[in-house]
Amino acid sequence: MDGAELVGKIVYTWLTLVLGFILLPSAFGVSLGISELYMKILVKTLEWATLRIEKGVSKESVLKNSASVGIIQRDESPMEKGLSGLRGRDFELSDVFYFSKKGLEAIVEDEVTQRFSSEELVSWNLLTRTNVNFQYISPKLTMVWVLGVIVRYCVLLPLRVTLAFIGISFLVIGTTLVGQLPESSLKNRLSELVHLTCCRICVRALSGTIHYHNKQYRPQKGGICVANHTSPIDVLILTTDGCYAMVGQVHGGLMGIIQRAMVKACPHVWFERSEMKDRHLVTKRLREHIADKKKLPILIFPEGTCINNTSVMMFKKGSFEIGGTIYPVAIKYNPQFGDAFWNSSKYNMVSYLLRVMTSWAIVCDVWYMPPMTREEGEDAVQFANRVKSAIAIQGGLTELPWDGGLKRAKVKDTYKEEQQKNYSKMIVGNGSLNSELD
Amino acid sequence: MGSRSSHAARIPDVDSIRRETGFSQASLLRLYHRFRALDWNEKGYLSRVDLQQIGALAVNPLGDRIIDSFFPDGSLHLDFPGFVRVLARFRPVDDEDNRNRDPKEPEPLNSRMNKLRFAFQLYDLDRDGKISRQEMLQVLRLMVGVQVTEEQLESIADRTVQEADEDGDGAVSFLEFAKSLEKMNIEQKMSIRILK
């Protein structure tokens, strides 16, 4: 048989299968249950693997401690206790010990830096990239791992890349076509259909399993949707269940093409890089958008950067100054099946997508929460913190006051002043008392 | 693509570092990962800026002095052995250290004296072996910020120097410093235990 013919036949069969089993059902929002079956098999395999690891590992194993406990023993007592515990004491030469110990502790382990690298797993999930603490256990496990590698790279990856390609092309072509139509409700409905279909295709391209909770609180038109940020996939996950107006910078390249196509079908808010610097301009445009009750809700990520999904960092107040109703959404990924966090300083977009497409799956929970508005006498910062707490509690994430932009900017001096104030109260508040007695 | 290996063999000179610092293999691995995590752009060494980016350190009143202790003699690059050498001072003192000690070998980095030396050098900026009244004032100022007046601070500094100064030279030498803290449980206050 002719080589080219053979290849042609394979590709043809392949595409027909993909079309029949995945694309058409997505267009109609129907699921054939293939993903569910895959997930069931996957869960069983991972459970088996975990049991084997636990059996094979000796008592001094490292497994239990890595994920949740810190790596140093911390004494979290307040400053007064740490500084040799006596009230009414003066400055001592040994006071430096407390600060130097705290400083060295921060160097060994701090709350923030660890949030910018992927979460460590308690038990291995058969991916090389998460194999930090787990050593070779048994031949059976290794075989399963090898099988896993073959399945992931040779079966799943081509399938996913095909789907992603089809999805994005369809999005670009579809939105351009719909954009040709005059403004009408038909146009809106078609654009919604195109968006949703493409998102569903792309989600299958990642083997995504998403659980939406509390759908009754789904963001309404004329509101602002606010969520914690872990990766660009967050956008995909949210838009699969509803249409949003995106806010962001105009990019070049592939992203730029997608952006320009999308804006033809329904109004998104894209800014030029120079416009982003002008906060008032940004706020004004966003206000105009939400004032029009027919326009889709805006989607904003107030953290401003990707965090590794174990915590929620400071919400920038800009989004909360616009006014309007805020619809908070909490997104929590299950790290056992695949790590969704985008470490932008380590991986660029393409290698990140490849990593995601060669993981087992992307499993996550999305919680819609009741809408919130700014209360009387509450300023934007307090409102932002209130929303942040609500999202953190719902998603089971820790809350940190630090700014996610800390990796690029210096921290404010106000925090240092607090510590200095505390210390001064101790040595001077009592020092003056002692000098009177002299 | 940056996958992390669990092999200690990836740490350069791991055996000599172990001997010098007394850290266990597992602790060294943890510290190596931390070193790599702090080294954002994978230069292979740390600079002052990398340490200053740690939020909890930047708000520590003595933060800059602590960072200085990692960069002795005006050096600008901190490699992993240097990093661990400073952290080794804060290793808790185990009984094992004292039992097996060969008196001919140099003092372990986490001995009481070496912990005291670390604290001493936070005061002694010009490294002349004495804490002058001026240097005492500077450290006090760092710790209280703008909360305390100059007069109050000076009286505190004077009192402290007087109490510790035995030979009356108006400055606190290392031996005087050590003597004034001889009753203090240094081993506990200047120790950080790394959990496995």
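**A close look, starting from the chains**

Author: Along the sequence, chain B reads α-α-α-α-α-α-α-α-β-α-α-β-α-α. That amounts to 12 helices and two strands, where helices are DSSP runs of H or I with at least four residues and strands are runs of E with at least two, numbered from the N terminus. Chain A has 14 helices and nine strands.

Two notes on reading what follows. This is a predicted model, in which local features need pLDDT of at least 70 and side-chain atom pairs count only at pLDDT 80 or more, while totals for chains, interfaces and linings use all residues. Residues are numbered from 1 along each chain as its sequence is written, chains are lettered from A and ligands numbered from 1 in the order in which they are written, and side-chain values use heavy atoms, with hydrogens and water left out.

Of the 438 residues in chain A, 47% count as buried, meaning under 20% relative accessible area, with exposed being over 50% and partly exposed in between (1.4 Å probe, protein chains only). For chain B, buried residues are 46% of 196. Taking contacts (heavy atoms within 4.5 Å) between residues at least 6 apart in sequence, 77% of those in chain A join residues at least 24 apart; in chain B the share is 53%.

The part I would pick is the sheet of chain A. Seven strands make up this open, mixed sheet, in the order β1-β8-β7-β2-β5-β3-β4; two strands pair if DSSP finds at least two bridges between them. The edges are β1 (208-213) and β4 (269-271) of chain A, and each has a single partner strand, so one side of each lacks a neighbour in the sheet. From one strand to the next, the twist averages 25°. For this and later angles, axes are lines fitted to C-alpha atoms, for helices over the stretch in contact, and angles run from 0 to 180 degrees between N-to-C directions.

Now let us step inside, to strand β2 (residues 224-227) of chain A. Side chains alternate between the two faces of the sheet in a regular strand. Here A:Ile224 and A:Val226 lie on one side and A:Cys225 and A:Ala227 on the other, and all four are buried, leaving both faces of β2(A) covered. On one flank, β2(A) runs parallel to strand β5 (residues 298-300) of chain A, joined by three bridges; A:Leu299 is the bridge partner of A:Cys225 there. β2(A) also pairs with strand β7 (residues 326-333) of chain A, again in the parallel sense, over four bridges. In β7(A), the residue opposite A:Cys225 is A:Tyr327.

Which residues does A:Ile300 touch beyond its neighbours within four places in sequence? This residue of β5(A) is in contact with A:Ile224, A:Cys225, A:Val226, A:Ala227, A:Val247, A:Leu286 and A:Ser319. A:Ile300 is itself buried, at 11% relative accessible area.

Most residues other than glycine have a negative phi. A:Asn309, not a glycine, has a positive phi of about 70°, and with a relative accessible area of 5% this residue is buried.

Helix α2 (residues 25-38) and helix α6 (residues 80-88) of chain B pack with axes 11 Å apart, at an angle of about 120°. That makes the pair oblique, the class left over once angles under 35 degrees are called roughly parallel, over 145 roughly antiparallel and 65 to 115 roughly perpendicular. On the α2(B) side the contact involves B:Leu28, B:Leu31, B:Tyr32, B:Phe35 and B:Leu38, and on the α6(B) side B:Phe80, B:Phe83, B:Val84 and B:Leu87.
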